Amino acid sequence: MIIDLFQKKRPISFEVYPPKKDGDFEAAFETLDALGSLKPDFISVTYGAGGSRSKKTVDIASYIQNTLHIDALAHMTCVGSRREDILNVCKELARNGVSHVLALRGDRPRDMTDEQFEARDFAHASDMITFLKENSDLSVAGACYPEKHFECFSMESDLNHLRMKQEAGAEFLITQLFFDNDVFYSFREKAAAKGVTLPICAGIMPITTARQIGTTISLSGSSIPKALSDIIAAYGDSPEDMRKAGIDYAIRQIRDLQQNHVDGIHIYTMNKPKTAAEIISAIR
């Protein structure tokens, strides 16, 4: 069980995403083999909006669990799913020996009408966590947002939702990516004051290209501290220098977190084993 790891160590884990095309699975498995050789404590697998790639998520999670023999944490989103859809995915995970999920509301599918959105079975991830705990044997993790979820009107409200995830049965938390550790430390204090006692894994994404920043910000809403913006300004036009500087920034960020007793580190690998290997060799 992943939750048991937090009693013994500060786990280091990876996030990967499934291939978009069926023909890319062979390359995906090679990537997983390379990442698995780095011995992460668990690997999470992302999930398409509205469950659009749920079968691929199950296939990748099964490979991690049964071939690599590393605990797999399958992402599960609920915004575009009915209860029966979620139950079907639960059954598929069980058939493949995968017992951990990360429960997420997920992004609203582009073709989802306002009427469908308002009538959805699960308004929040906490609703799905409650459903999963009542209707499956899955161990469930939740997400949290050091700079608050971009749709939430205040940090106070966001922390209230986080407490609801804990009360619904979440066992541990993984943060949205962030680049300023002070933001994380402030969030950790506020969450503790709100009564959140779950282990919190800090989500870290190495920025290895200047172009990556625009995509990352639009998807995550994370702010860019001056130290990172200075790196991008200095090295953004030099791909190799930018890659080295971005990895070094992530390493320094992780080392600082470790020195400040973070519960765990979750690396958003972007399916890049070489980058993950350089980080792992520096932080272990």
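**Notes on the predicted model**

1. Let me start with a single residue. Leaving out anything up to four places away in sequence, Ser-139 touches Met-1, Ser-99, His-100, Val-101 and Glu-171. This residue belongs to strand S5, which covers residues 139–144. Its relative accessible area is 5%, so Ser-139 is buried. Keep in mind throughout that this is a predicted model.

2. Now the whole chain. There are twelve helices and eight strands. A compact globule of 284 residues would have a radius of gyration near 19 Å, and the chain comes out at 18 Å, so the two agree. Along the principal axes, the C-alpha atoms fill a box of roughly 50 × 45 × 45 Å. Buried residues account for 53% of the 284. As for contacts between residues at least 6 apart in sequence, 81% of them join residues at least 24 apart.

3. How do the axes of H6 and H7 cross? Helix H6 (residues 125–135) and helix H7 (residues 155–168) have axes that come within 9 Å and cross at roughly 0°. Angles under 35 degrees count as roughly parallel, and H6 and H7 are therefore roughly parallel to each other. On the H6 side the contact is made by Ala-125, Ser-126, Ile-129, Thr-130 and Lys-133, and on the H7 side by Met-164, Lys-165 and Ala-168. Sorted by class, that contact has four nonpolar, two polar and two charged residues.

4. More on H7 itself. Which residues of H7 are buried? They are Met-155, Ser-157, Asp-158, Leu-159, Leu-162, Lys-165, Gln-166 and Ala-168. Two of these names, Lys-165 and Ala-168, also turn up in the contact with H6. The cover over the buried residues of H7 includes H6, S5, strand S6 (173–175) and helix H8 (181–193). After H7 comes Gly-169, with a positive phi near 125°.

5. Helix H11 gets the same length check. It runs over residues 239–259, and its 21 residues should span 30 Å at 1.5 Å a residue; the end C-alpha atoms are 30 Å apart, so this agrees too. The buried residues here are Met-242, Arg-243, Ala-245, Gly-246, Ile-247, Tyr-249, Ala-250, Ile-251, Gln-253, Ile-254 and Leu-257. If you want to look at the spacing in that list, recall that an α-helix has 3.6 residues a turn, so residues three or four places apart point the same way. Just after H11, His-261 takes a positive phi of about 65°.

6. What does Leu-257 contact, leaving aside neighbours within four places in sequence? The list is Phe-178, Asn-181, Phe-184, Tyr-185, Ala-202, Ile-204, Val-262 and Ile-265. Take Ala-202 from that list: Leu-257 and Ala-202 are 55 residues apart in sequence, yet their C-alpha atoms are 8.2 Å apart in space.

7. On to Gln-212, in helix H9 (residues 210–220). Is Gln-212 buried or exposed? Buried means under 20% relative accessible area, and Gln-212 is at 11%, so it counts as buried.

8. Met-270 is not a glycine, but has a positive phi of about 55°. Its place is in the loop between strand S8 (264–268) and helix H12 (273–283). With a relative accessible area of 35%, Met-270 is partly exposed.

9. Finally, His-69. Here too phi is positive, at about 60°, although His-69 is not a glycine. The residue sits in the loop between helix H3 (54–66) and strand S3 (71–77). Its relative accessible area is 64%, so His-69 is exposed.

Conventions: Residues numbered from 1 in each chain as written. Predicted model: local features only at pLDDT ≥ 70, side-chain atom pairs only at ≥ 80, totals over all residues. Heavy atoms only, no water. Helix = DSSP H or I, 4+ residues; strand = E, 2+ residues; numbered from the N terminus. Buried < 20%, exposed > 50% of the residue type's maximum accessible area, 1.4 Å probe, protein only. Contact = heavy atoms within 4.5 Å. Expected span 1.5 Å × (residues − 1). Axes fitted to C-alpha atoms, helices over the stretch in contact; angles between N-to-C directions. Parallel < 35°, antiparallel > 145°, perpendicular 65-115°, else oblique. Nonpolar A, V, L, I, M, F, W, Y, C, P; charged D, E, K, R; others polar. Rg over C-alpha atoms; globule rule 2.2 N^0.38 Å.
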